[in-house]
Amino acid sequence: MTYMQMTHEWLPKGWIIEVRAGGKNMNKMYKFYVYPPAGVRLFSKEDVLLYINKSEITGFDTNGECDTRTKDNILANVEFNPHSLPEGWVKEVVFRKTKTGVIRKDPYFTDPVNNYSFRTRKSAMLYVQTGKVPKRAFIQRTSVHDLYSFEKSADLHESLKKRLDFAARTNWKSRRSLKSKNSSLTEKSLSDEETEDGDSSDDLSDSSSEVKKNKGKLEKTTCKTKKSVSFNTAKRPVGRPSKRSTEEMPRDVEIKQESASSEEYWC
(Lines give C-alpha, C1' and ligand atoms only; values in the text may rest on other atoms or scores of the structure.)
Protein backbone atom coordinates (compact mmCIF):
# COMPACT_ATOMS: atom_id res chain seq x y z
CA MET A 1 0.00 0.00 0.00
CA THR A 2 1.15 3.49 -0.83
CA TYR A 3 1.04 6.38 1.59
CA MET A 4 -1.97 7.90 -0.14
CA GLN A 5 -3.89 4.63 0.01
CA MET A 6 -3.04 4.12 3.66
CA THR A 7 -4.15 7.64 4.51
CA HIS A 8 -7.41 7.14 2.56
CA GLU A 9 -8.43 3.68 3.76
CA TRP A 10 -11.28 5.30 5.64
CA LEU A 11 -12.83 6.65 2.40
CA PRO A 12 -15.94 4.57 1.58
CA LYS A 13 -16.41 2.91 -1.76
CA GLY A 14 -18.08 5.11 -4.37
CA TRP A 15 -16.44 8.32 -3.15
CA ILE A 16 -13.84 10.07 -5.29
CA ILE A 17 -11.24 12.76 -4.70
CA GLU A 18 -11.71 15.95 -6.67
CA VAL A 19 -8.66 18.18 -7.14
CA ARG A 20 -9.19 21.80 -8.14
CA ALA A 21 -6.91 24.74 -8.80
CA GLY A 22 -7.28 27.87 -6.70
CA GLY A 23 -5.54 30.71 -4.97
CA LYS A 24 -5.20 34.34 -5.96
CA ASN A 25 -2.80 33.47 -8.78
CA MET A 26 -4.11 29.93 -9.36
CA ASN A 27 -0.97 28.57 -7.74
CA LYS A 28 -2.62 26.21 -5.26
CA MET A 29 -4.57 22.97 -5.44
CA TYR A 30 -7.48 22.00 -3.22
CA LYS A 31 -8.78 18.52 -2.40
CA PHE A 32 -12.47 17.73 -2.03
CA TYR A 33 -14.31 14.48 -1.34
CA VAL A 34 -17.25 13.93 -3.66
CA TYR A 35 -20.05 11.39 -3.61
CA PRO A 36 -21.48 11.55 -7.19
CA PRO A 37 -24.77 9.65 -6.57
CA ALA A 38 -25.90 12.25 -4.03
CA GLY A 39 -23.98 15.24 -5.44
CA VAL A 40 -22.25 15.84 -2.11
CA ARG A 41 -18.92 17.67 -1.92
CA LEU A 42 -17.05 17.88 1.40
CA PHE A 43 -13.71 19.32 2.41
CA SER A 44 -12.28 17.06 5.11
CA LYS A 45 -12.27 13.55 6.52
CA GLU A 46 -14.31 14.63 9.53
CA ASP A 47 -17.02 16.05 7.29
CA VAL A 48 -17.23 12.80 5.30
CA LEU A 49 -17.52 10.64 8.43
CA LEU A 50 -20.16 12.98 9.84
CA TYR A 51 -22.17 12.67 6.65
CA ILE A 52 -21.88 8.86 6.66
CA ASN A 53 -22.82 8.49 10.32
CA LYS A 54 -25.42 11.23 10.74
CA SER A 55 -26.24 12.28 7.13
CA GLU A 56 -25.24 15.84 7.96
CA ILE A 57 -23.63 18.04 5.34
CA THR A 58 -21.09 20.49 6.67
CA GLY A 59 -20.29 23.64 4.79
CA PHE A 60 -16.71 24.46 3.90
CA ASP A 61 -14.86 27.70 3.45
CA THR A 62 -11.80 28.27 1.26
CA ASN A 63 -11.78 32.04 1.82
CA GLY A 64 -13.05 32.51 -1.70
CA GLU A 65 -9.83 31.14 -3.21
CA CYS A 66 -11.36 28.06 -4.85
CA ASP A 67 -14.52 28.22 -6.92
CA THR A 68 -16.52 24.98 -6.87
CA ARG A 69 -19.41 26.29 -9.02
CA THR A 70 -17.55 25.73 -12.28
CA LYS A 71 -15.70 22.87 -13.94
CA ASP A 72 -13.02 25.07 -15.49
CA ASN A 73 -10.64 24.70 -12.54
CA ILE A 74 -10.96 20.93 -12.05
CA LEU A 75 -7.59 19.26 -12.47
CA ALA A 76 -8.40 15.61 -11.80
CA ASN A 77 -10.72 13.04 -10.22
CA VAL A 78 -9.11 10.17 -8.34
CA GLU A 79 -10.85 6.88 -7.57
CA PHE A 80 -9.40 4.11 -5.39
CA ASN A 81 -9.94 0.44 -6.24
CA PRO A 82 -11.82 0.93 -9.52
CA HIS A 83 -14.24 -1.69 -10.77
CA SER A 84 -12.88 -4.99 -12.24
CA LEU A 85 -9.30 -4.24 -11.11
CA PRO A 86 -7.42 -5.64 -8.07
CA GLU A 87 -7.18 -3.78 -4.81
CA GLY A 88 -4.64 -1.00 -4.76
CA TRP A 89 -5.18 0.24 -8.31
CA VAL A 90 -5.98 3.91 -8.82
CA LYS A 91 -8.03 5.50 -11.56
CA GLU A 92 -7.15 9.11 -12.40
CA VAL A 93 -9.30 11.18 -14.75
CA VAL A 94 -7.35 14.20 -15.99
CA PHE A 95 -9.36 17.25 -17.06
CA ARG A 96 -8.14 19.38 -19.96
CA LYS A 97 -9.87 22.12 -21.87
CA THR A 98 -9.68 21.99 -25.65
CA LYS A 99 -9.38 24.99 -27.97
CA THR A 100 -13.12 24.82 -28.66
CA GLY A 101 -13.86 25.24 -24.94
CA VAL A 102 -14.95 21.63 -24.41
CA ILE A 103 -13.50 19.86 -21.37
CA ARG A 104 -11.73 16.64 -22.30
CA LYS A 105 -11.39 13.82 -19.79
CA ASP A 106 -8.45 11.42 -20.11
CA PRO A 107 -8.51 8.32 -17.85
CA TYR A 108 -5.36 6.65 -16.51
CA PHE A 109 -5.20 3.39 -14.55
CA THR A 110 -2.09 3.08 -12.35
CA ASP A 111 -0.58 -0.15 -11.06
CA PRO A 112 0.29 0.03 -7.32
CA VAL A 113 3.33 -2.26 -7.62
CA ASN A 114 5.31 -1.03 -10.64
CA ASN A 115 3.52 2.30 -11.15
CA TYR A 116 2.65 1.49 -14.77
CA SER A 117 -0.10 3.69 -16.16
CA PHE A 118 -2.57 2.48 -18.78
CA ARG A 119 -4.92 4.55 -20.91
CA THR A 120 -7.77 2.01 -20.95
CA ARG A 121 -9.28 -0.41 -18.48
CA LYS A 122 -8.98 -3.20 -21.03
CA SER A 123 -5.19 -2.83 -21.32
CA ALA A 124 -4.89 -2.68 -17.52
CA MET A 125 -6.89 -5.91 -17.16
CA LEU A 126 -4.77 -7.57 -19.85
CA TYR A 127 -1.64 -6.61 -17.91
CA VAL A 128 -3.12 -8.12 -14.71
CA GLN A 129 -4.01 -11.38 -16.49
CA THR A 130 -0.86 -11.90 -18.56
CA GLY A 131 1.80 -9.73 -16.93
CA LYS A 132 2.77 -8.33 -20.34
CA VAL A 133 3.27 -4.59 -20.54
CA PRO A 134 1.63 -3.12 -23.66
CA LYS A 135 3.45 -0.63 -25.84
CA ARG A 136 1.34 2.34 -24.78
CA ALA A 137 1.89 1.77 -21.06
CA PHE A 138 4.22 4.25 -19.34
CA ILE A 139 5.50 5.31 -15.94
CA GLN A 140 4.57 8.82 -14.87
CA ARG A 141 7.34 11.15 -13.79
CA THR A 142 5.34 12.04 -10.69
CA SER A 143 3.21 9.16 -9.50
CA VAL A 144 -0.46 9.69 -8.81
CA HIS A 145 0.21 8.40 -5.29
CA ASP A 146 2.68 11.20 -4.62
CA LEU A 147 0.81 13.89 -6.52
CA TYR A 148 -2.37 13.93 -4.43
CA SER A 149 -1.10 12.80 -1.02
CA PHE A 150 -1.88 16.11 0.73
CA GLU A 151 -4.66 17.32 2.98
CA LYS A 152 -7.07 20.12 2.06
CA SER A 153 -4.64 22.33 0.09
CA ALA A 154 -1.07 22.52 -1.14
CA ASP A 155 1.07 24.38 -3.64
CA LEU A 156 0.25 23.56 -7.23
CA HIS A 157 2.58 20.95 -8.67
CA GLU A 158 4.64 21.78 -11.75
CA SER A 159 3.05 19.01 -13.80
CA LEU A 160 -0.41 20.40 -13.04
CA LYS A 161 0.53 23.91 -14.09
CA LYS A 162 0.79 22.66 -17.67
CA ARG A 163 -2.89 21.76 -17.57
CA LEU A 164 -3.75 25.31 -16.60
CA ASP A 165 -1.42 26.68 -19.27
CA PHE A 166 -3.25 24.54 -21.84
CA ALA A 167 -5.81 27.31 -22.39
CA ALA A 168 -3.02 29.82 -23.03
CA ARG A 169 -1.38 27.40 -25.45
CA THR A 170 -4.68 26.88 -27.27
CA ASN A 171 -5.14 30.64 -27.53
CA TRP A 172 -1.62 30.88 -28.97
CA LYS A 173 -2.42 28.07 -31.39
CA SER A 174 -5.67 29.76 -32.35
CA ARG A 175 -3.74 32.96 -33.08
CA ARG A 176 -1.33 30.96 -35.22
CA SER A 177 -4.22 29.26 -37.01
CA LEU A 178 -5.80 32.69 -37.55
CA LYS A 179 -2.57 33.93 -39.11
CA SER A 180 -2.34 30.87 -41.32
CA LYS A 181 -5.99 31.34 -42.26
CA ASN A 182 -5.36 34.97 -43.22
CA SER A 183 -2.31 33.94 -45.22
CA SER A 184 -4.34 31.26 -46.97
CA LEU A 185 -7.00 33.86 -47.76
CA THR A 186 -4.39 36.19 -49.25
CA GLU A 187 -2.97 33.31 -51.25
CA LYS A 188 -6.48 32.51 -52.44
CA SER A 189 -7.07 36.13 -53.49
CA LEU A 190 -3.74 36.13 -55.28
CA SER A 191 -4.66 32.90 -57.00
CA ASP A 192 -7.99 34.47 -58.00
CA GLU A 193 -6.14 37.44 -59.44
CA GLU A 194 -3.83 35.05 -61.22
CA THR A 195 -6.84 33.24 -62.65
CA GLU A 196 -8.20 36.60 -63.85
CA ASP A 197 -4.83 37.33 -65.38
CA GLY A 198 -4.95 33.82 -66.71
CA ASP A 199 -8.15 34.70 -68.59
CA SER A 200 -6.40 37.61 -70.26
CA SER A 201 -3.41 35.39 -70.88
CA ASP A 202 -5.79 32.90 -72.46
CA ASP A 203 -6.98 35.70 -74.77
CA LEU A 204 -3.39 36.50 -75.55
CA SER A 205 -2.67 32.85 -76.08
CA ASP A 206 -5.68 32.65 -78.41
CA SER A 207 -4.43 35.63 -80.37
CA SER A 208 -0.93 34.21 -80.41
CA SER A 209 -2.35 30.89 -81.60
CA GLU A 210 -4.11 32.72 -84.40
CA VAL A 211 -0.84 34.41 -85.30
CA LYS A 212 0.85 31.02 -85.24
CA LYS A 213 -1.86 29.61 -87.49
CA ASN A 214 -1.47 32.51 -89.93
CA LYS A 215 2.25 32.08 -89.76
CA GLY A 216 1.81 28.39 -90.50
CA LYS A 217 -0.42 29.22 -93.45
CA LEU A 218 2.19 31.67 -94.76
CA GLU A 219 4.88 29.02 -94.36
CA LYS A 220 2.71 26.53 -96.23
CA THR A 221 2.06 29.00 -99.06
CA THR A 222 5.76 29.81 -99.16
CA CYS A 223 6.56 26.13 -99.38
CA LYS A 224 3.98 25.77 -102.13
CA THR A 225 5.52 28.69 -104.02
CA LYS A 226 8.93 27.16 -103.52
CA LYS A 227 7.66 23.86 -104.85
CA SER A 228 5.90 25.58 -107.76
CA VAL A 229 9.06 27.52 -108.52
CA SER A 230 11.09 24.38 -108.31
CA PHE A 231 8.60 22.56 -110.56
CA ASN A 232 8.32 25.42 -113.06
CA THR A 233 12.04 25.92 -113.23
CA ALA A 234 13.51 24.07 -116.16
CA LYS A 235 15.87 21.33 -115.18
CA ARG A 236 19.31 21.76 -116.53
CA PRO A 237 20.76 18.79 -118.28
CA VAL A 238 23.52 16.96 -116.62
CA GLY A 239 26.89 17.55 -118.06
CA ARG A 240 28.17 20.14 -120.46
CA PRO A 241 25.42 21.57 -122.75
CA SER A 242 25.86 21.17 -126.44
CA LYS A 243 26.51 24.09 -128.71
CA ARG A 244 23.24 23.52 -130.51
CA SER A 245 20.99 23.88 -127.39
CA THR A 246 22.68 27.10 -126.37
CA GLU A 247 22.41 28.46 -129.84
CA GLU A 248 18.66 27.59 -130.12
CA MET A 249 17.68 29.49 -126.93
CA PRO A 250 18.20 33.23 -127.09
CA ARG A 251 20.01 34.87 -124.23
CA ASP A 252 17.33 37.49 -123.45
CA VAL A 253 14.59 34.82 -123.05
CA GLU A 254 16.71 32.90 -120.56
CA ILE A 255 17.23 36.07 -118.46
CA LYS A 256 13.49 36.83 -118.48
CA GLN A 257 12.64 33.34 -117.17
CA GLU A 258 15.14 33.65 -114.33
CA SER A 259 13.77 37.09 -113.31
CA ALA A 260 10.16 35.81 -113.39
CA SER A 261 11.02 32.84 -111.21
CA SER A 262 12.77 35.11 -108.72
CA GLU A 263 9.71 37.40 -108.53
CA GLU A 264 7.42 34.45 -107.86
CA TYR A 265 9.71 33.30 -105.08
CA TRP A 266 9.82 36.66 -103.25
CA CYS A 267 6.16 37.59 -103.59
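Here is a short tour of this predicted model, point by point.

1. **Before you start.** Residue numbers start from 1 along each chain as its sequence is written, and side-chain values use heavy atoms, with hydrogens and water left out. Since this is a predicted model, local features need pLDDT of at least 70 and side-chain atom pairs count only at pLDDT 80 or more, while totals for chains, interfaces and linings use all residues.

2. **The overall picture.** The protein chain has eight helices and nine strands; these are DSSP runs numbered from the N terminus, with helices (H or I) of at least four residues and strands (E) of at least two. Of its 267 residues, 27% are buried. Here buried means under 20% relative accessible area, exposed means over 50%, and partly exposed is in between (1.4 Å probe, protein chains only). The accessible surface is about 19100 Å², and 52% of that belongs to carbon and sulfur atoms; areas come from the Shrake-Rupley method with a 1.4 Å probe, and for residues only the protein chains shown count as cover. Among contacts (heavy atoms within 4.5 Å) between residues at least 6 apart in sequence, 48% join residues at least 24 apart.

3. **The largest core.** A nonpolar core is a set of buried Ala, Val, Leu, Ile, Met, Phe, Trp, Tyr and Cys residues joined through side-chain atoms within 4.5 Å. The largest one has 24 residues, and Trp 15 and Tyr 148 have the most contacts inside it. At least two residues each come from β1, β2 (28-35), β3, α2 (45-54), β4 (74-80) and α4 (144-147). With four residues, β4 gives the largest share. Apart from this core lies another, of seven residues, including Trp 89, Phe 109, Tyr 127 and Ala 137.

4. **Tyr 148 and Phe 150.** Leaving aside neighbours within four places in sequence, Tyr 148 is in contact with Met 4, Val 19, Lys 31, Ala 76, Val 78, Glu 92, Leu 160 and Arg 163. Phe 150 sits in the loop between α4 and β9 (153-155) and is buried, at 10% relative accessible area. With neighbours left out in the same way, Phe 150 is in contact with Met 29, Tyr 30 and Lys 31. Phe 150 and Lys 31 are 119 residues apart in sequence, yet 8.0 Å apart in space from C-alpha to C-alpha.

5. **Aromatic pairs.** Rings of Phe, Tyr and Trp (its six-membered ring) pair if their centres lie within 6.5 Å; planes under 30 degrees apart count as stacked, over 60 as edge-to-face and the rest as tilted. That rule gives eleven aromatic pairs. Trp 15 and Tyr 51 make an edge-to-face pair, 5.9 Å centre to centre with 70° between the planes. Trp 15 is in the loop between α1 (3-7) and β1 and Tyr 51 is in helix α2, so this pair ties together parts 36 residues apart in sequence. Trp 15 is buried at 6% relative accessibility, and Tyr 51 is buried at 18%. The rings of Trp 89 and Tyr 127 are also edge-to-face, because their planes are at 65°, with centres 6.4 Å apart. Here a loop between β4 and β5 (90-97), holding Trp 89, is tied to helix α3 (residues 121-130), holding Tyr 127. Trp 89, Tyr 116, Phe 118 and Tyr 127 form one aromatic cluster.

6. **Salt bridges.** The structure holds seven salt bridges, each a side-chain nitrogen of Lys or Arg within 4 Å of a carboxyl oxygen of Asp or Glu. One of them joins Arg 41 and Glu 18 at 2.8 Å, N to O. That pair links distant parts of the chain, 23 residues apart: Arg 41 in strand β3 (residues 40-42) and Glu 18 in strand β1 (residues 16-22). Arg 41 is partly exposed at 26% relative accessibility, whereas Glu 18 is buried at 6%. Another joins Lys 161 and Glu 158 at 3.2 Å, N to O; the two are three residues apart in helix α5 (residues 158-164), about one helical turn.

7. **A charged network to look at.** Arg 96, Arg 104, Asp 106 and Arg 119 are linked in a network of salt bridges. Asp 106 is in strand β6 (residues 103-110) and is buried, at 8% relative accessible area. Its partner Arg 104, with closest N and O atoms 3.3 Å apart, is partly exposed at 40%.
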